[in-house]
Amino acid sequence: MQPGSTHNKNLIVTMSVFAGVLVTLIGLVLSGTLAVEAGRTQAMNSKQYSDRDVEDTRGFWDQNRQDEAKPRGNEISPGQQQPQLPDQEQQRPEADFRQPPTIQARRVAAPYTEPDTAIRGKIFFRMPDGVAECSGTVVHHPSGNMVWTAGHCLHGGRNGTFYDRVTFVPGYNGAGRTPAEREPYGRWPARRTTVSNQWAQNADPGGKDASASPYDYGAFIVDSRAGRTLEDAVGPGADVYWNAPRHLRVQSFGYPGDTPYDGTTLYTCSSPTTDFREDGWPQPDMLWMGCTMTGGSSGGGWFAEVNGRSFLVSNVSLGVTSPTSHTMTGPYLGNVAKDMYDSL
């Protein structure tokens, strides 16, 4: 053995061990980073529609098919106004589960071509069992082409998939005498739709289990028309207030189509909000307001004025009825909703 060889051997071993530890640490950091990114990515379910899909959708929604569309929406009867929460779950100290008062929906005068009404519109789509309709809102987005609505207007939940032929008609006025009056900005087919994983994996919109309703929101990007975005056509979309204060006075908008409404006209309600949850439902608690709107208003925006500005803070999700009241719930737009918005 040559002088110094033991030292060199130890040095090589030491460096090898160090390199191995370094590679392991880098691997852990990268795997952690990738896991976080994967978690954020997997928190969303999306569908991209092909050029052929978009073109087929453009020609699909003639007047007859629009007239055939059934209002989409679920109603439940309320359980306990004050849910019995598990012992290990800390209730928010400011929670207020009192039932809000019933508010009679008020008709919004047509036409809907002013900036504050043009961003509201009707959504048509095709489900496995037929064509249906909901409501939606143009929200401000870098693409200029985003529409916000309810998850149950885009996806069938844990036993379903994304619906097709999704189209947004901003400023829709079903009482108009001509196509231009009924659809002042035309039809905007969806290019990509998305809902949260919580909705796609757990929702049961056609059954009795409504426990995924706190995640009942979705959004889609429409295809531009002749080089113009949706916001170019109707004006700036609504700004969304993520993680907004909970107990606000809100104004909801939608196109109710079940009795006593016919789906042709935009309606609105103004009501203070309280909190809503049934036993076994996940947090965040839903928002609860008084309103008599029915199916078809699903997905319509809830707006609140904060510091002199109007923000979208929720959307119509469930009707909550009893013999003496008619109210509705909307999901709280927290971090999962913001991630969904950012994914598009």
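1. Start with the largest pocket: 15 residues line it, and Arg 120, Gln 251, Phe 253, Phe 303 and Ser 310 lie nearest its centre. On a 1 Å grid over the protein atoms alone, a pocket is an open set of points with protein on both sides within 12 Å along at least five of seven lines, a 1.4 Å probe that fits but cannot get out marks a cavity instead, and lining residues have an atom within 4 Å of a point. Helix H4 (115-118), strand S11 (249-254) and strand S15 (301-306) are the elements that give two or more residues to this lining. S11 has the largest share, with four residues. Helices (H or I, at least four residues) and strands (E, at least two) are DSSP runs, numbered from the N terminus.

2. A word on provenance: this is a predicted model, where local features need pLDDT of at least 70 and side-chain atom pairs count only at pLDDT 80 or more, while totals for chains, interfaces and linings use all residues. Residues are numbered from 1 along each chain as its sequence is written, and side-chain values use heavy atoms, with hydrogens and water left out.

3. Back to the pocket, whose volume is about 230 Å³. Its lining splits into six nonpolar, four polar and five charged residues (Ala, Val, Leu, Ile, Met, Phe, Trp, Tyr, Cys and Pro count as nonpolar, Asp, Glu, Lys and Arg as charged, the others, Gly among them, as polar).

4. On to salt bridges, of which there are 17; the criterion is a side-chain nitrogen of Lys or Arg within 4 Å of a carboxyl oxygen of Asp or Glu. Asp 51, Glu 55, Arg 58, Arg 191 and Asp 223 are linked in a network of them.

5. Asp 96 and Arg 98 pair up at 2.9 Å, N to O. Asp 96 is buried at 15% relative accessible area, whereas Arg 98 is exposed at 59% (buried is under 20%, exposed over 50%, partly exposed in between, with a 1.4 Å probe and protein chains only).

6. Asp 209 bridges to Arg 158, with the closest N and O atoms 3.4 Å apart. Asp 209 sits in the loop between helix H6 (197-202) and strand S10 (218-222), and Arg 158 in the loop between strand S7 (146-149) and strand S8 (164-170), so the pair ties together parts 51 residues apart in sequence. Asp 209 is partly exposed at 30%, and Arg 158 is partly exposed at 37%.

7. Lys 338 and Asp 342 form a salt bridge at 2.8 Å, N to O. Both lie in helix H8 (residues 335-343), four residues apart, about one turn of the helix. Lys 338 is partly exposed at 28%, and Asp 342 is partly exposed at 40%.

Definitions and conventions
Points joined across faces, edges and corners; volume = space filled by probe spheres on them.
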